[in-house]
Amino acid sequence: MGLTSCAHEELMSRLVDSVKEISGFSSSRGFIGKIQGDLVRRITLLSPFFEELIDVNVELKEDQIAGFEVMRIALDSSLELFRSVNGGSKLFQIFDRDSVVQKFHNMTVEIEAALSQIPYDKIEVSEEVREQVQLLHFQFKRAKERREEYDIQLSHDLAMAEDVMDPDPNILKRLSQELQLSTIDELKKESHAIHEYFLSYDGDPDDCFERMSSLLKKLVDFVTMESSDPDPSTGNRIISRHRSPVIPEYFRCPISLELMKDPVIVSTGQTYERSSIQKWLDAGHKTCPKSQETLLHAGLTPNYVLKSLIALWCESNGIELPQNQGSCRTTKTGGSSSSDCDRTFVFSLLEKLANGTTEQQRAAAGELRLLAKRNVDNRVCIAEAGAIPLLVELLSSPDPRTQEHSVTALLNLSINEGNKGAIVDAGAITDIVEVLKNGSMEARENAAATLFSLSVIDENKVAIGAAGAIQALISLLEEGTRRGKKDAATAIFNLCIYQGNKSRAVKGGIVDPLTRLLKDAGGGMVDEALAILAILSTNQEGKAAIAEAESIPVLVEIIRTGSPRNRENAAAILWYLCIGNMERLNVAREVGADVALKELTENGTDRAKRKAASLLELIQQTEVVAVSTVP
């Protein structure tokens, strides 16, 4: 039975609209421009096919429409990739270019797979259009098999720009052109993009942040000098570097025109010195001084990227770094500055958490997330200001991004031992488990990491297990990204140190997914799976479940070929399974455990040697019994 005409037209119209929007990304330049341009060009050539299906009102059967649904999903994913690449930080993309290129390749694979499911040779369209689709399908197949070659010049320029304190201007010029960061406005947008990226970044940002900031600073210096030096000759440019340094316009506050010491971003995306813009706002103004746009809110977001760039510029030009008098900076023993936590700013964020709009709550939670990540003193400052109960309350926010920011802020705060108790006392465990069950994938992963952090305290292991976390962690172990699986596994291992949680994990069905992870050597989860099975094998229920999962052959193979730590854990699990159980000993012997164990007694860790020797003795005893019972 065919689709209704209305449903058919709606699907085809959506495909046409997606292709039209994608075609708008064809003019992209820079290091990703060719890859993106080729993909956009091929996708755009699909439009006549979809349009003709609308024009002639071809009736499609249910088995034919499936391929178009797959194509719709593929085009939606392509759009998301194009928006991400064209709207994000260019510096991050170049540092992560292998991943970016792989994403484009994955999109080519998805679209080719969708074309393979569309029976275009059986659909009534013109011969010209059919031939075009056939040719296009062939091009996608070729592109799928082809890998993009590295741009050697770009890799060389990037390495030189990073490694050399004062790179060749020609290198910086090529990089600025390749990255489309040739003007001050483009560099401002890049600074804002970096800031937004690190606001939502989940790993440790220090190394990546410093690399991006350092390179951005060099590009800012180069572009500023290019725009202010009327003589482009190298000689004049070198001479100009020995004159008194000219403060880049980008580092000056648009209001005071002075070098900024505490740059902040207003809702329009413009950056100002905090004291200057605060005076403007206190005077009752509701607009952005530079753009004259109406401010959506009066919140001020610290521009850490620009602040870092200014510090680097001051240091390289021998200028004393301007100090922000409004910050509650403290000095640790040894004299190192430890905190950039502005208490007034933190309190303004808490006010937005408590009484702000959804957008304000989201932005405030994101800022606290970033602040809590930066250093120890910020975590203390934020907790003392009373942020924890408000963040716990926002774990139930209907806005997914606010929920992600809140659980990640709590994760970062929990790194401080003194904050763990305050988080639990605020009733966070139940809400974190709820996020673990029903949040976005990012929120679920960070919820798992938060539970692990809290479970370091023994009494919390009991409360977390009783709140239903184990089953939710098992689900994440099966469904999550590689990082999510590792977060889930780490939390499960720590929780299962408590005996009661071992039973919960076994009853929750954890053994089967762990066994699958053991068999998937390329999945990167063998270490974690073995560690959890080792701790579960000390439990009677766990021991029975592991044996029922037919894991003995896998364990013997790991004893034979695994890493020293994994061989040790596999031997320990096998020992617990076989002790006092003749049937399991026979299974182990049949799959060659004796040979693997003998080798382990010679080359394993001390614990592995002990377990292997004990198992060998048991296996030898079964062989004696078997021989004596032969008639």
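Okay, ground rules. The model is predicted, so I kept local features only where pLDDT is at least 70 and side-chain atom pairs only at pLDDT 80 or more, while totals for chains, interfaces and linings use all residues. Numbering runs from 1 along each chain as its sequence is written, and side-chain values use heavy atoms, with hydrogens and water left out.

Confidence, then. pLDDT is the predictor's own confidence in each residue, from 0 to 100; the chain averages 81, and 85% of the residues score at least 70. Which elements sit at the two ends of the range of mean pLDDT? Helix α21, residues 428–438, is the highest at 95, and helix α12, residues 234–240, is the lowest at 38. Residues 229–243 fall below 50, and that stretch has 11 contacts beyond near neighbours in sequence. By a contact I mean heavy atoms within 4.5 Å. Residues 626–630 are also below 50, with zero such contacts.

On to the overall picture. We have 34 helices and three strands; these are DSSP runs numbered from the N terminus, with helices being H or I of at least four residues and strands E of at least two. Buried residues make up 48% of the 631, where buried is under 20% relative accessible area, exposed is over 50%, and partly exposed is in between, using a 1.4 Å probe and protein chains only. Of the contacts with a separation of 6 or more, 70% are between residues 24 or more positions apart.

Now the cores. A nonpolar core here is a set of buried Ala, Val, Leu, Ile, Met, Phe, Trp, Tyr and Cys residues joined through side-chain atoms within 4.5 Å. The largest one has 97 residues, and those touching the most other members are L353, L473, L477, I510, L514, L518 and L536. Helix α28, residues 526–536, gives it the largest share, eight residues. Take I510: leaving out residues up to four places away in sequence, I510 touches I474, L477, I492, A505, I532 and L536. Apart from that core there is another, of 40 residues, including F49, M107, I111 and V129. F49 is also one of the buried residues of helix α3, residues 47–55, along with S47, F50, E52 and L53. Just after α3, N57 has a positive phi of about 55 degrees.

L257 has a positive phi near 65 degrees, in the loop between α12 and β1. Is L257 buried or exposed? L257 counts as exposed, because its relative accessibility is 52%.

Last topic: salt bridges, meaning a Lys or Arg side-chain nitrogen within 4 Å of an Asp or Glu carboxyl oxygen. The search found 22 of them. In one, E112 meets K144 at 3.1 Å, N to O. E112 is in helix α6 and K144 in helix α7, so the pair ties together parts 32 residues apart in sequence. E112 is buried at 6%, whereas K144 is partly exposed at 25%.

R401 and E404 pair up with N and O 2.4 Å apart; both are in helix α19, three residues apart, about one turn. Then E479 in helix α24 links to R444 in helix α22, 35 residues away, with N and O 3.1 Å apart. R444 is buried at 9%.
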